[in-house]
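This briefing is meant to be read slowly, with the structure open beside the text. Please look up each residue as it is named, and turn the view until the part under discussion can be seen clearly.

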Amino acid sequence: MTTLAPSRQDIQAQVPAEPDTRALSLDGVRFSYPGQSQDTLHISQWALARGERVMLRGPSGCGKSTLLGLAAGVLLPQAGSVRLMGRDWASMGAAARDAQRVDHVGYIFQQFNLLPYLSVLDNVLLPCQFSSRRRNQARETHGHPRLAAVALLEALELPAVLHHRAASDLSVGQQQRVAAARALMGAPEVVIADEPTSALDEDRREGFMRLLLAQCQRAGSALLFVTHDARLSVHFERVVDLPALNETGH
Ligand SMILES: Nc1ncnc2c1ncn2[C@@H]1O[C@H](COP(=O)(O)OP(=O)(O)OP(=O)(O)O)[C@@H](O)[C@H]1O
Ligand SMILES: [Mg+2]
């Protein structure tokens, strides 16, 4: 009687997969913009754990926003992989990337990118328009997405009288809090923020950080936060200097 030795594949299939505790991981990533002869970024390995709060800093032009673009699947690397919640952005088509992004990523842009003609509340509800996952999350926690949006705006101290105003009528600090509420809506696993506090004075900056961090913690969201401001480092579990991570020699 002959017994067949189990193949490597069979053995691998029997080993339970390690649960992936990483929200974001980069491996062997090289990225350059069209027409550039040198890489803007070359990162051998880097990861953001689920629920982790990381501050990313570095001089102007060192590639911070580029890294955020790669993390959110807006940019694709020429080599290596960028995985968000275990899925490689490059393995997906454009529509699947859009769906993955709106399901799992809340993005606060430096210029907030609110839709000026929509009300504050409708801006905050936008992710739920495009993601059933985030709509369902909001329903689970608050019964209805609109109630979740109001709760977030209240937590971010945006008075109810402003909820029905057009976003363009708000001050910069108020718009920033609306952008944060929109990013947090429906508890995405990863919140990405590109210098959202640069237009604020010190008191408002501290207040905004407290509110943002409390909401991320509540939702269990990891936070990848770009800032030049060294004073904000106290709020983070880890501070990453991008020039130290980047092997391009910039
Ligand atoms: N769309 C683009 N096309 C070509 N080059 C670009 C593009 N966007 C950025 N770059 C270049 O890539 C490099 C990194 O830019 P990036 O915007 O990521 O820097 P940054 O660290 O975010 O800077 P800042 O702190 O000023 O926001 C810079 O040299 C920049 O000129
Ligand atoms: Mg930038």
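In which loop is Ala187 found? Ala187 is found in the loop between α7 and β7, the latter being residues 190-194. Please keep in mind throughout that this is a predicted model.

**Residues with positive phi**

- Ala187 is not a glycine, and yet its phi is positive, at about 50°.
- With 20 other C-beta atoms within 10 Å, Ala187 is buried, because a residue is counted as buried when 20 or more such atoms lie within that distance.
- Glu195 is likewise a residue other than glycine with a positive phi, here near 45°, and its place is in the loop between β7 and α8.
- Glu195 has 18 C-beta neighbours inside 10 Å and therefore counts as partly exposed.

**Helices α7 and α8**

- Helix α7, which covers residues 172-184, packs with helix α8, which covers residues 202-219, at an angle of about 10°, and their axes are 11 Å apart.
- Because angles under 35 degrees count as roughly parallel, α7 and α8 are roughly parallel to each other.
- On the α7 side the contact is made by Gly173, Gln176, Arg177, Ala180 and Leu184, while on the α8 side it is made by Arg204, Phe208, Leu212, Gln215 and Ala219.
- Sorted by class, the residues of this contact of α7 with α8 are 5 nonpolar, 3 polar and 2 charged.

**Helices α5 and α6**

- Helix α5 (residues 132-142) and helix α6 (residues 145-155) have axes 8 Å apart and pack at an angle of about 75°.
- Because angles of 65 to 115 degrees count as roughly perpendicular, α5 and α6 are roughly perpendicular to each other.
- The contact brings together Arg135, Ala138, Arg139, Thr141 and His142 of α5 with Pro145, Leu147, Ala148 and Ala151 of α6.
- In this contact of α5 with α6 there are 5 nonpolar, 2 polar and 2 charged residues.
- Arg146 is also found in helix α6, and with 16 C-beta neighbours inside 10 Å it counts as partly exposed.
- The C-alpha atom of Arg146 is separated by 37 Å from that of Pro77, a residue 69 places away along the chain.

**The nonpolar core**

- The largest nonpolar core has 57 residues, and those with the most contacts inside it are Ala71, Ala181, Met185, Ile192 and Leu224.
- Helix α7 gives the most to this core, with 6 residues.
- When neighbours within four places in sequence are left aside, Met185 is in contact with several residues, among them Val124, Leu125, Pro127, Arg134, Ala138, Ala148 and Leu152.

**Met55 in strand β3**

- Met55 lies in strand β3, which covers residues 53-57, and is buried, with 22 other C-beta atoms within 10 Å.
- Leaving aside neighbours within four places in sequence, Met55 is in contact with Phe225, Thr227, Leu232, Ser233, Phe236 and Val239.
- Met55 and Val102 are 47 residues apart along the chain, and their C-alpha atoms are separated by 22 Å.

**Around ligand 1**

- Which residues surround ligand 1? They are Tyr33, Thr40, Gly58, Ser60, Gly61, Cys62, Gly63, Lys64, Ser65 and Thr66.
- By class, the shell around ligand 1 has 2 nonpolar, 7 polar and 1 charged residues.

Terms used: Residues are numbered from 1 along each chain as its sequence is written. Chains are lettered from A and ligands numbered from 1 in the order in which they are written. This is a predicted model: local features need pLDDT of at least 70, side-chain atom pairs count only at pLDDT 80 or more; totals for chains, interfaces and linings use all residues. Axes are lines fitted to C-alpha atoms, for helices over the stretch in contact, and angles run from 0 to 180 degrees between N-to-C directions. Helices (H or I, at least four residues) and strands (E, at least two) are DSSP runs, numbered from the N terminus. Angles under 35 degrees count as roughly parallel, over 145 as roughly antiparallel, 65 to 115 as roughly perpendicular and the rest as oblique. Two residues are in contact if their C-beta atoms, placed from the backbone, lie within 7 Å. Ala, Val, Leu, Ile, Met, Phe, Trp, Tyr, Cys and Pro count as nonpolar, Asp, Glu, Lys and Arg as charged, and the others, Gly among them, as polar. A residue is near a molecule or strand if its C-beta atom, placed from the backbone, lies within 6 Å of it. A nonpolar core is a set of buried Ala, Val, Leu, Ile, Met, Phe, Trp, Tyr and Cys residues joined through C-beta atoms within 7 Å. A residue is buried if 20 or more other C-beta atoms lie within 10 Å of its own, exposed if 12 or fewer, and partly exposed in between; C-beta atoms are placed from the backbone.
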